[in-house]
Amino acid sequence: QVQLVESGGGLVQAGGSLRLSCGASGRTLGSYVMAWFRQAPGKEREFVARITWSDSNTYYKDSVKGRFTISRDNAKNTVYLQMNSLKPEDTAVYYCAARRLEALSFGSWGQGTQVTVSS
(Lines give C-alpha, C1' and ligand atoms only; values in the text may rest on other atoms or scores of the structure.)
Protein backbone atom coordinates (compact mmCIF):
# COMPACT_ATOMS: atom_id res chain seq x y z
CA GLN A 1 0.00 0.00 0.00
CA VAL A 2 1.11 3.53 -0.75
CA GLN A 3 1.08 6.11 2.03
CA LEU A 4 0.04 9.58 0.89
CA VAL A 5 0.35 12.93 2.65
CA GLU A 6 -1.11 16.11 1.16
CA SER A 7 -0.10 19.68 1.89
CA GLY A 8 -0.49 23.14 0.44
CA GLY A 9 -4.15 23.93 1.02
CA GLY A 10 -5.35 27.24 2.37
CA LEU A 11 -7.50 30.31 1.89
CA VAL A 12 -7.18 32.30 -1.33
CA GLN A 13 -9.21 34.95 -3.11
CA ALA A 14 -10.98 34.21 -6.36
CA GLY A 15 -8.55 34.45 -9.24
CA GLY A 16 -5.63 33.39 -7.08
CA SER A 17 -3.42 30.31 -7.16
CA LEU A 18 -2.42 27.45 -4.91
CA ARG A 19 -0.17 24.45 -5.35
CA LEU A 20 -1.04 21.21 -3.60
CA SER A 21 1.58 18.56 -2.94
CA CYS A 22 1.18 14.86 -2.29
CA GLY A 23 4.16 12.97 -0.93
CA ALA A 24 4.10 9.22 -1.51
CA SER A 25 5.95 6.49 0.33
CA GLY A 26 5.88 2.72 0.68
CA ARG A 27 6.08 1.75 -2.96
CA THR A 28 7.91 2.69 -6.11
CA LEU A 29 5.36 4.42 -8.27
CA GLY A 30 6.40 3.39 -11.77
CA SER A 31 3.30 1.21 -12.18
CA TYR A 32 0.85 3.59 -10.53
CA VAL A 33 -1.75 6.16 -11.49
CA MET A 34 -1.93 9.15 -9.17
CA ALA A 35 -4.97 11.40 -8.91
CA TRP A 36 -6.57 14.30 -7.14
CA PHE A 37 -10.17 14.22 -6.00
CA ARG A 38 -12.19 16.81 -4.09
CA GLN A 39 -15.24 16.90 -1.88
CA ALA A 40 -17.25 20.05 -1.27
CA PRO A 41 -19.60 20.36 1.73
CA GLY A 42 -22.78 18.40 1.14
CA LYS A 43 -21.52 16.93 -2.12
CA GLU A 44 -20.00 13.64 -3.16
CA ARG A 45 -16.30 13.23 -3.78
CA GLU A 46 -15.43 13.96 -7.41
CA PHE A 47 -12.48 13.34 -9.68
CA VAL A 48 -10.29 16.34 -10.56
CA ALA A 49 -7.18 15.13 -12.39
CA ARG A 50 -4.94 12.12 -12.79
CA ILE A 51 -1.43 11.34 -14.05
CA THR A 52 0.17 8.08 -15.05
CA TRP A 53 3.50 7.95 -13.28
CA SER A 54 5.40 6.11 -15.99
CA ASP A 55 4.65 8.41 -18.94
CA SER A 56 3.10 11.49 -17.29
CA ASN A 57 -0.07 11.07 -19.31
CA THR A 58 -2.72 13.37 -17.80
CA TYR A 59 -6.49 13.70 -17.76
CA TYR A 60 -8.69 16.41 -16.22
CA LYS A 61 -12.24 17.12 -15.18
CA ASP A 62 -13.70 19.46 -17.78
CA SER A 63 -14.30 22.33 -15.36
CA VAL A 64 -10.62 22.55 -14.37
CA LYS A 65 -9.04 22.16 -17.81
CA GLY A 66 -6.79 25.09 -18.61
CA ARG A 67 -6.71 26.18 -14.94
CA PHE A 68 -5.26 23.17 -13.09
CA THR A 69 -2.11 21.24 -13.91
CA ILE A 70 -1.13 17.89 -12.41
CA SER A 71 2.52 16.91 -12.47
CA ARG A 72 4.94 14.62 -10.70
CA ASP A 73 8.52 14.75 -9.47
CA ASN A 74 10.15 11.34 -9.69
CA ALA A 75 13.09 12.25 -7.47
CA LYS A 76 10.81 13.47 -4.68
CA ASN A 77 8.08 10.86 -5.15
CA THR A 78 5.63 13.74 -5.11
CA VAL A 79 2.59 14.68 -7.15
CA TYR A 80 1.51 18.29 -7.51
CA LEU A 81 -1.70 20.06 -8.41
CA GLN A 82 -1.10 23.62 -9.56
CA MET A 83 -4.40 25.49 -9.36
CA ASN A 84 -4.71 28.85 -11.10
CA SER A 85 -7.66 31.20 -11.66
CA LEU A 86 -9.39 29.68 -8.66
CA LYS A 87 -13.13 30.09 -8.29
CA PRO A 88 -15.36 29.88 -5.20
CA GLU A 89 -16.80 26.64 -6.61
CA ASP A 90 -13.33 25.08 -6.30
CA THR A 91 -13.71 25.22 -2.52
CA ALA A 92 -13.41 21.68 -1.17
CA VAL A 93 -11.25 19.22 0.67
CA TYR A 94 -8.74 17.91 -1.86
CA TYR A 95 -7.55 14.32 -1.64
CA CYS A 96 -4.61 12.61 -3.26
CA ALA A 97 -5.15 8.99 -4.36
CA ALA A 98 -3.15 6.18 -5.91
CA ARG A 99 -3.93 2.95 -7.72
CA ARG A 100 -1.93 0.39 -9.61
CA LEU A 101 -2.28 0.57 -13.40
CA GLU A 102 -4.29 -2.63 -13.53
CA ALA A 103 -6.57 -1.75 -10.61
CA LEU A 104 -10.17 -0.66 -11.18
CA SER A 105 -10.33 1.72 -8.24
CA PHE A 106 -8.09 3.90 -6.10
CA GLY A 107 -7.01 2.00 -3.01
CA SER A 108 -4.71 4.49 -1.31
CA TRP A 109 -5.88 7.88 -0.07
CA GLY A 110 -4.38 10.81 1.77
CA GLN A 111 -6.03 12.60 4.66
CA GLY A 112 -7.09 15.59 2.59
CA THR A 113 -6.23 19.28 2.57
CA GLN A 114 -8.75 22.13 2.69
CA VAL A 115 -8.90 24.65 -0.13
CA THR A 116 -11.15 27.67 0.40
CA VAL A 117 -11.68 30.26 -2.33
CA SER A 118 -13.35 33.49 -1.25
CA SER A 119 -15.33 35.67 -3.63
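Author: Strands here are DSSP runs of E with at least two residues, numbered from the N terminus. In this predicted model, the elements of the chain run β-β-β-β-β-β-β-β-β-β-β from the N terminus on. That makes eleven strands and zero helices. The radius of gyration is 13 Å, close to the 14 Å that the globule rule gives for 119 residues, so the chain is as compact as a globular protein of that length. Of these 119 residues, 44% count as buried.

Now the rings. A pair of aromatic rings is described by the distance of the centres and the angle of the planes. Searching the whole structure gives five aromatic pairs. One of them joins Phe-37 and Trp-109: the ring centres are 4.9 Å apart and the planes meet at 55°, so this pair is tilted, since only angles over 60 degrees count as edge-to-face. Phe-37 belongs to strand β4 (residues 32–39) and Trp-109 to strand β10 (residues 108–109), so the pair ties together parts that are 72 residues apart in sequence.

The two partners can also be described by their accessibility. Phe-37 has a relative accessible area of 12% and is buried, whereas Trp-109, at 32%, counts as partly exposed. Both residues belong to one aromatic cluster, formed by Phe-37, Phe-47, Tyr-59, Phe-106 and Trp-109.

Arg-45 lies over the face of Tyr-95, 4.2 Å from the ring centre. The ring of Trp-53 has the charged end of Arg-72 over it, at 5.3 Å from its centre.

Terms used. Residues numbered from 1 in each chain as written. Predicted model: local features only at pLDDT ≥ 70, side-chain atom pairs only at ≥ 80, totals over all residues. Heavy atoms only, no water. Phe/Tyr/Trp six-rings, centres within 6.5 Å; stacked < 30°, edge-to-face > 60°. Helix = DSSP H or I, 4+ residues; strand = E, 2+ residues; numbered from the N terminus. Buried < 20%, exposed > 50% of the residue type's maximum accessible area, 1.4 Å probe, protein only. Lys NZ or Arg CZ within 6 Å of the ring centre and 35° of its normal. Rg over C-alpha atoms; globule rule 2.2 N^0.38 Å.
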